[in-house]
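Hi there,

Here is the structure I promised to pass on to you. Have a look at it first, and then read my notes below.

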Amino acid sequence: MSITKNVARIKNDIIQAAIAAGRDPKEISLCAATKMNDSAAVREAILAGVDCCGENRVQELTLKQSQNAYEGAPVHFIGHLQTNKVKQVVGKVDLIQSVDSLRLLEAIHKEAAKQGICQDILLEVNVANEASKSGFLPEEVDSVLSKMGEFPAIRVLGFMAIPPICQNSTDNHKFFQKMYNLSVDIRAKKYDNVCVNILSMGMSGDYADAIACGSTMIRVGTAIFGARNYS
Ligand SMILES: *Cc1c(COP(=O)(O)O)cnc(C)c1O
């Protein structure tokens, strides 16, 4: 299966899932999760029409940027970001989706202010309160966002979540729905430097469920590029 065909199929799935949910397919963008795939694969995905690319590791981001891999598409950071690496990411990506702690938020702000830019971010939410995952707990989100006036070099555009893999789509929907409800609540509150338009959730195995529950951005790796080779 080629990358081009896979992207076409997923874009069609997006349309079908949106229509089934009574949504406008244009509300949903496709982010190619490009980790462990090389620049040639990334270029093919962009040519096939993905809306943006999401990179997990700083080293891969830097390498592929030096090879102009992302030309023609925005690039996002979607992996766990260590505070000592923010310099290599702030100002170099269009969106940091994976801001998972106040400490990281402060480090990003400091670097963005130093560069004289405003960095767009999403808050990563640990929606199922899993010990193994990073992110803000749903009940912490309000207090973090109420502080955003103190971070003028950052703009929060929404939320990213990686819910647990569930055995059935009913359980899956529960977590996606919880994220959607959170985003609707926050949107109504109008915090400074916060404009909740993006709800990034859904991956290769569950993007149709995520779209049914209000996702506006799915992050898809395996279904575009095939299984990753970890050896
Ligand atoms: C790898 C990854 C994805 C995509 O996962 P697939 O199951 O391969 O589609 C999405 N989001 C994040 C944060 C990832 O690290």
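Lys 190 sits in the loop that links helix H6 (169-187) to strand S7 (194-200); helices (H or I, at least four residues) and strands (E, at least two) are DSSP runs, numbered from the N terminus. Please keep in mind that this is a predicted model, where local features need pLDDT of at least 70, side-chain atom pairs count only at pLDDT 80 or more, and totals for chains, interfaces and linings use all residues. Residues are numbered from 1 along each chain as its sequence is written, and side-chain values use heavy atoms, with hydrogens and water left out.

Lys 190 has a phi near 55°, a positive value in a residue other than glycine. With 69% relative accessibility, Lys 190 counts as exposed (buried means under 20% relative accessible area, exposed over 50%, partly exposed in between, with a 1.4 Å probe and protein chains only).

Asn 68 also has a positive phi, near 55°. Its place is the loop between helix H3 (58-66) and S3, and Asn 68 is partly exposed at 48%.

Now, is Leu 81 buried or exposed? Leu 81 is buried, because its relative accessible area is 2%. This residue belongs to the loop between strand S3 (75-77) and strand S4 (95-99). Leaving aside residues up to four places away in sequence, Leu 81 touches Val 58, Val 86, Val 89, Ile 96, Leu 104 and Ile 108, where contact means heavy atoms within 4.5 Å.

Enjoy exploring!
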